[in-house]
Amino acid sequence: MSGMQRRKTRQITLGDQRTGIVRVGGDAPPTVQTMTSGYTYEIDACVAEINRLAAAGADIVRVAVPKRADTEALPEILAQTQVPIVADVHFHYQRALEAVEAGIHKIRLNPGNISDRDQVNAVIDACAERGIPIRVGVNEGSIIERKDKQRRMEELGKFFADHQQGHLMALMIAKLEEYMEIFEARDFHDVCISAKSMDARLAIETYREISKRFDYPLHLGVTHAGPRETGSIRSVVALGTLLAEGIGDTLRISYASDPIYEVEDGLEMLWSLGLRERKGAELIACPTCGRIQVDLFTLVQEVRSRLADEVEVPMKVAVMGCVVNGPGEAEGADIAIFAGDRRGIIYVQGERVANVPEEEILDRLLQECLAFQERVRSGEAKLGEKSVEIVPPDPIGALGSGAERIAAGEVEQITVGES
Ligand code: SF4
């Protein structure tokens, strides 16, 4: 989709006839995962949460299975959901065996807390028999619990002395390499790996290093990133940097919040980088300034929520506060509204179609978006075919105070043309 060169990895697949097959790695576009926040053994609530996350666009959903009751709930949960499900296993390798027995689509093991070779082999053999992939996921947090951490960190840190927190990076990589030997010895390659850290720089450097050492698909994540307000920045800085370098085959953003935001933000990141085909409208909006003459922030939020509910075609919609800079910034939009003097003028594919009072802007804009969506679907119109263009000053008439501004040389008339 983009000119971005992606690092070539092996590919794993997960899912079944009911869920469809999701591919991770190789030439597959990066996928977005999330994890349920409720108890897995509460079947109805768990199913409802998984279905809500899948409807929001999650490609893969993970559930925690700390208790026997959780793995016992899996057959029922799997029967009522249509997205591949991963069982997240810590400490108790039996949970992995039970989840495999229940028909789970993938297992996640943490080398930091399941390290007994025989136990790992038992999980590998069960997964191999059923063609189920395993994610080997190390976390900075569970690695540094080791008793001999200080000595090992000092020793290993020397190998990555040029890196920020090279000792932690070395520990995670050493743990991964050690663990992967068990898989290699079993000739099991249906593996995806992750090495999550709480620190964005450490995450970037560790994944870069891992991508040189392994050809397994990489699951990206910054762990315990915090609330969405700050966690989104930390996650997108790290994951966006790696993805832009072609590293990363699936990702999970983790927030101390409703996991629906993890899905929304993960998808938006992939769309912004051109790594996935956008679903739904792309909203462009101005930040407003002293020229604003309508309540643009409210309007933008309302437009966003209505577009998310009603528009599936990836049209570009621009909501601009005025006619000064708006037209230039809205260039390329399929549909645009320029506000001014408590009114809004609406353009569809570069043609002015309406000039309405502020209170009618939202409904009229939506009406135009839906009509445009129909025209795109029927083949009458094409996305991105025509754009807004600016020509030298000329009165814009019905825009009220705009005429004065034009006379003062502050604004220019908007006209349209085919690009
Ligand atoms: S479009 Fe107009 S109101 Fe919005 S930021 Fe630009 S100049 Fe200010």
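## Starting point

Element names follow DSSP runs numbered from the N terminus, with helices being H or I runs of at least four residues and strands being E runs of at least two.

This is a predicted model, in which local features need pLDDT of at least 70 and side-chain atom pairs count only at pLDDT 80 or more, while totals for chains, interfaces and linings use all residues. Residues are numbered from 1 along each chain as its sequence is written.

## The chain and its confidence

The secondary structure amounts to 14 helices and 17 strands. Of the 419 residues, 42% are buried, where buried takes 20 or more other C-beta atoms within 10 Å of a residue's own, exposed takes 12 or fewer, partly exposed lies in between, and C-beta atoms are placed from the backbone. Two residues are in contact if those backbone-placed C-beta atoms lie within 7 Å. Among contacts between residues at least 6 apart in sequence, 66% join residues at least 24 apart.

The predictor's confidence in each residue, pLDDT, goes from 0 to 100. The chain averages 87, and 84% of the residues score at least 70.

Let's turn to the strands, which pair if DSSP finds at least two bridges between them. An open sheet of 8 strands has the order β8-β7-β6-β5-β4-β3-β10-β9, with parallel pairing. The edges belong to β8 (191–196) and β9, each with a single partner strand, so one side of each has no neighbour in the sheet. Further in, β3 and β4 (residues 60–64) run parallel and are joined by 3 bridges. M35 has R62 of β4 as its bridge partner.

## Helix α10

Helix α10 (residues 260–272) has 13 residues that should span 18 Å at 1.5 Å a residue, and its end C-alpha atoms are 18 Å apart, which agrees; the expected span is 1.5 Å times one less than the number of residues. Its buried residues are E262, V263, E264, G266, L267, M269 and L270. They pack against β3 (31–35), α1 (43–55), α9 (228–244) and β10 (250–252). After the helix comes G274, with a positive phi near 70 degrees.

A nonpolar core is a set of buried Ala, Val, Leu, Ile, Met, Phe, Trp, Tyr and Cys residues joined through C-beta atoms within 7 Å. The largest has 74 residues, and V61, Y207 and L239 are among those with the most contacts inside it. Helix α7 (residues 166–185) gives the most to this core, with 10 residues. A second, separate core of 31 residues includes A285, F338, A339 and L365.

Beyond its neighbours within four places in sequence, V61 touches residues including Q33, I50, L53 and I85. As for α7, its 20 residues reach 28 Å from first C-alpha to last, close to the 28 Å expected. D187 follows α7 and has a positive phi near 60 degrees.

## A look at F214

F214 sits in the loop between α8 (200–213) and β9 (219–220). Having 18 C-beta neighbours inside 10 Å, F214 counts as partly exposed. C192 is 22 residues away from F214 in sequence, and their C-alpha atoms are 9.9 Å apart.
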